[in-house]
Amino acid sequence: MATLRELKGRIGSVASSEKITGAMKMISSAKMHKAEAIVKRLHPFRECVQTIIGNLLSSDAAVSSPLTVPRQQVKSVAVVVLGSDDGLCGAYNVNIFKGTLGTLDDLRQRFGQNVRIELITVGKKIERATAKIAASDPYLTVSPAVGVDSKSDGESVKNFARTLEGRFSGGEIDMVLLQYVHFYTAGRQRFQSSAYLPISSDELSQNSQGSGRPYLFEPDATTIFRTVLPMYLLSQMQEAFAQNRASEQAARVMAMQSANDNAQKLLEQLQLEYNKLRQQSITTELLDIVGGQKRD
């Protein structure tokens, strides 16, 4: 049975943990709102690019680009998996890992068991998790992304997107998938796997909104189309990084909230046990005093 001193020490330790988790929750909440604001700031750029593409597609001009041409035979697929570099975010990385396993099964069913898959991981946590399955699969490799991490933005993300574009255009890889956690609200995030390269013509038509007005293109429409498509890819990559970062912080907020609630419950239980033990000790001392007086 614990002594009063031991219980007092445990109460102090749990109280300190409660303060720490509460502070971490506030920090994560601030980071989540900052990442959410970045997602909103990216929308005008993406919408502008989509409008340009829409005007091109709605015109009579024939446009084409190597980035929209699917390979006749897919032999190599790169899957970009966005995770986290830090822990304490609940089941966030676990859900990404499970989603990645499902993607691997889908790719093998579509292109055969011998299709070569390269997992390009962004984040140390997801890199460690996927490295374990790559050790027993000769057709699967794990390559940490160069120049970016889970907190990257701006120029580093742009260079990363250009590298993938160059590898696809050069024929090194036949398809690129992008996997991340889409941020909807602070309490709702969903794993998402989307095609990155080649760009689907149906996707462009669905996401693009043309004005329907007649245009004269200078230079020609194909040159403009091929110039705008990398911008479209960049907007997708930037939004994926921002969405993933906001989702990570939202998951950490929920994890810290859960830890804080558990600490409060444990603190109440320890305080109750401490009060009972203290009352028992006082009662025993009083009985000893009364018993000593009677003997006198």
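Hi everyone, let me start at one residue: Ile289 has 48% relative accessibility, so it counts as partly exposed (buried is under 20% relative accessible area, exposed over 50%, and partly exposed in between, with a 1.4 Å probe and protein chains only). Before going on, please keep in mind that this is a predicted model, where local features need pLDDT of at least 70 and side-chain atom pairs count only at pLDDT 80 or more, while totals for chains, interfaces and linings use all residues. Residues are numbered from 1 along each chain as its sequence is written, and side-chain values use heavy atoms, leaving out hydrogens and water.

Back to Ile289, then. You will find Ile289 in helix α6, residues 221–295; helices (H or I, at least four residues) and strands (E, at least two) are DSSP runs, numbered from the N terminus. Together with Ile282 and Leu286, Ile289 makes a nonpolar surface patch of about 260 Å². Patches are built from residues with over 30% relative accessible area and no salt bridge, joining like charges within 9 Å and nonpolar side chains (Val, Leu, Ile, Met, Phe, Trp, Tyr) within 5 Å. The areas come from the Shrake-Rupley method with a 1.4 Å probe, and for residues only the protein chains shown count as cover.

Now to the sheet. In what order do the 5 strands of the open sheet run? The order is β3-β2-β1-β4-β5, with mixed pairing; two strands pair if DSSP finds at least two bridges between them. At the edges stand β3 (140–144) and β5 (188–197), each with a single partner strand, so one side of each has no neighbour in the sheet. On average, neighbouring strands are turned by 25° against each other, direction ignored. Angles here run from 0 to 180 degrees between N-to-C directions, with axes fitted as lines to C-alpha atoms, for helices over the stretch in contact.

Let's look at one pair of strands. β1 (residues 76–82) and β2 (residues 116–122) run parallel and are joined by 7 bridges. Ser76 has Arg116 as its bridge partner in β2, and Val81 stands opposite Thr121 of β2. Helix α4 (residues 155–169) packs on this sheet and touches β1, β2, β4 (175–185) and β5, its direction making about 40° with that of β5; contact means heavy atoms within 4.5 Å. As for β2, 6 of its 7 residues are buried, so the strand is largely enclosed by the rest of the structure.

That takes us to the charges. Side chains of opposite charge can pair when their charged atoms come close. The count comes to 8 salt bridges, taking a side-chain nitrogen of Lys or Arg within 4 Å of a carboxyl oxygen of Asp or Glu.

Glu118 and Arg167 form one of them, with their closest N and O atoms 2.8 Å apart. Glu118 lies in strand β2 and Arg167 in helix α4, so this pair ties together parts that are 49 residues apart in sequence. Is Arg167 buried or exposed? Arg167 has 18% relative accessibility, so it counts as buried; Glu118 is buried too. Setting aside neighbours within four places in sequence, Arg167 contacts Glu118, Ile120, Glu172 and Ile173. A salt-bridge network links Glu118, Arg167 and Glu172.
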